[in-house]
Amino acid sequence: MKNVNILTSLALCLLFSCKDPINTPEPPAFSDGLVSNENGNADLLKAVGQYSGGSRCTAVFVRLSDNENAPAYALTNGHCVQDWDPNAVHIDEAVSHKIYFNVFENTPDSARIEVAVRQIAYSTMKGTDLAVVELNATVKQMIDKGIQPLPIARSLPAAGTPIQIFGIPVDNLPSDEWRMRRTSGTQGRVVDKLLEFSWTWYDFIANDAPGIAGGSSGSPVFGSLADGVSGLINTTAVEGASPCYLGAPCEVVASGTDYRAGTNYALSVLAVTGCVSANGKFDVKAPNCTLDKGNNVAIEGYPLAATNLQDSDLSGRPVQKTWNTTVSGKAYYRYKIGPAATTAPRDPAGYSEVWPASKMIADSLPKVSGQTILAVLGGNAPTFDATWQQPKYATVARVEIDNTPPTMEPNVSIREDADAYSVSLNFSPPELSDYIYNFGHPDSVSTTNTKDYFRYRRIPFRIPKGKPIKLVVYGFDSAGNATKPYVKNFP
Ligand SMILES: [Ca+2]
């Protein structure tokens, strides 16, 4: 009987390619650092490649179905493939990107396997940071190149359990070390709202793995390799000069925001599994697909940061005191506004009555420092119904109310030649995002009355030699708060 059973299961294996995970041997264990594939022991990691688009990222070839004639798909971050619009959803857009697979420590550049990206099947930075890219190859053609797809996990690793991450960091590394590295750590808590730059992300998972750097974006996160890809690394808190700005993601907490230096964040990819059609193609309209389908209003007019304690800033420009936001793309909308800590765009409670899109959102911006959120739902029916953009997919704008002076002083470079001093003013957003300056005879240049000052246009200006000259410079943060004056007397 036993022999018959073995024969039967072998026959089944031939028919079904033995894809049952129960029959999959546990993959080998790897150590942190560069991954070598000398004996083919890391062959299953050929599916992790370097994404080459506008920037360098990591991508992973995943199995969406058992149909080997279907297109091959890889997952990476939205920010690796698209513009940085915080509310756009991109579907089926052609690009000229590529992915290099087979990038191990011992693999020469000539042995990398280059596969073109046929199109962005799906990409968004709205609520998450996910791209599904369709490769210019079928699953079978990838397998014929020696690259097997990795499964998508059925659940996230539990908080507190070990995770491992495979990716190709490039920052501060010579190009001959742009090779796959493993890092490991512990699956952390799920963060309800994570903020960075203009983005608002939900349910990202924190982790503590070291070595995440530029190029790691899109790196797959695994509990065990056999379980498959559970998430993708998208950001890390390393450049913490200004929390919640670019490179410094911050978590929304009851008291405001919390910047946790050294923490990485990953998005879940579990939802991708529901977005596959019967023929194995990725399909955001598939009945079980919960990804944002882009049935959304567009909004514009709000600033990234603001302070409205006065009517104008030191340079004389009027201060934006309201949301000043126009809504387009749908005939009607509902909205809500409030502090990030207490405003949940995905919660249906608290949205306004229905307004026509012709009406601008002109509510006052708050005066109190902190992150404030505007969430908008749009629809073409005059009353809110199932055809509308649902709260789960609300369009979100975020403004940082910042009432504090820049944390940096004006950054002034002066070069001297035979006739003049050449002055350039150096930017460091968001703390030094704008400058005004004036110079002239020391008695004629006021440090306090700035109405005659010039806005710096990123072109160095020249101060002639030979007479006493006073130079005054003010810097501004992105909200418009001014530094103390920088004053220099020449010669
Ligand atoms: Ca400030």
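Trainee: What makes strand β19 (residues 305–306) and β24 a pair, and in which sense do they run?
Mentor: The model is a predicted one. In it, β19 and β24 are joined over two bridges, in the parallel sense. Pairing requires at least two bridges, so the two strands qualify. Within this pair, Ala-305 stands opposite Glu-400 of β24.

Trainee: How do you know that β23 (residues 370–379) also pairs with β24?
Mentor: Seven bridges link β23 and β24 in the antiparallel sense, and at least two are needed. Leu-374 is the residue opposite Ala-397 in β24.

Trainee: Why is β24 (residues 395–401) called largely enclosed?
Mentor: Seven of its seven residues are buried, so the rest of the structure largely encloses β24. Thr-395, Ala-397, Val-399 and Ile-401 point one way, while Val-396, Arg-398 and Glu-400 point the other way, and all are buried.

Trainee: Why does Asp-419 count as exposed?
Mentor: Asp-419 has 10 C-beta neighbours inside 10 Å. A residue with 12 or fewer is exposed, so Asp-419 meets the criterion. Asp-419 is located in the loop between β25 (411–416) and β26 (420–426). Beyond its neighbours within four places in sequence, Asp-419 is in contact with Pro-464 and Lys-465.

Trainee: How many residues separate Asp-419 from Gly-262 along the chain, and what is the distance between their C-alpha atoms?
Mentor: They are 157 residues apart in the chain, and their C-alpha atoms are separated by 49 Å. The domain assignment gives domain 1 (19–294), domain 2 (298–401) and domain 3 (411–490). The C-alpha centres of domain 1 and domain 3 lie 45 Å apart. The C-alpha atoms of the protein as a whole fill a box of roughly 105 × 65 × 40 Å along the principal axes.

Trainee: Where does the largest nonpolar core lie, and how do you know?
Mentor: This core has 105 residues, and Leu-75 and Val-133 have the most contacts inside it. Domain 1 (19–294) and domain 2 (298–401) both contribute residues, so the core lies between them. A second, separate core of 14 residues includes Val-423, Tyr-435, Phe-439 and Leu-471.

Trainee: Which residues does Val-133 touch, beyond those up to four places away in sequence?
Mentor: Among them are Ala-59, Tyr-73, Val-81 and Ile-120. In soluble globular proteins, nonpolar side chains tend to be buried together. Across the 491 residues of the protein, 42% are buried.

Trainee: What is the confidence in the model, and where does pLDDT stay under 50?
Mentor: The mean pLDDT of the protein is 93, with 94% of residues at 70 or more. Over residues 1–23 pLDDT stays under 50, and the model has four contacts beyond four places in sequence for that stretch.

Terms used
Residues are numbered from 1 along each chain as its sequence is written. This is a predicted model: local features need pLDDT of at least 70, side-chain atom pairs count only at pLDDT 80 or more; totals for chains, interfaces and linings use all residues. Helices (H or I, at least four residues) and strands (E, at least two) are DSSP runs, numbered from the N terminus. A residue is buried if 20 or more other C-beta atoms lie within 10 Å of its own, exposed if 12 or fewer, and partly exposed in between; C-beta atoms are placed from the backbone. Two residues are in contact if their C-beta atoms, placed from the backbone, lie within 7 Å. Domain bounds come from an automatic or database domain assignment. pLDDT is the predictor's confidence in each residue, from 0 to 100. A nonpolar core is a set of buried Ala, Val, Leu, Ile, Met, Phe, Trp, Tyr and Cys residues joined through C-beta atoms within 7 Å.
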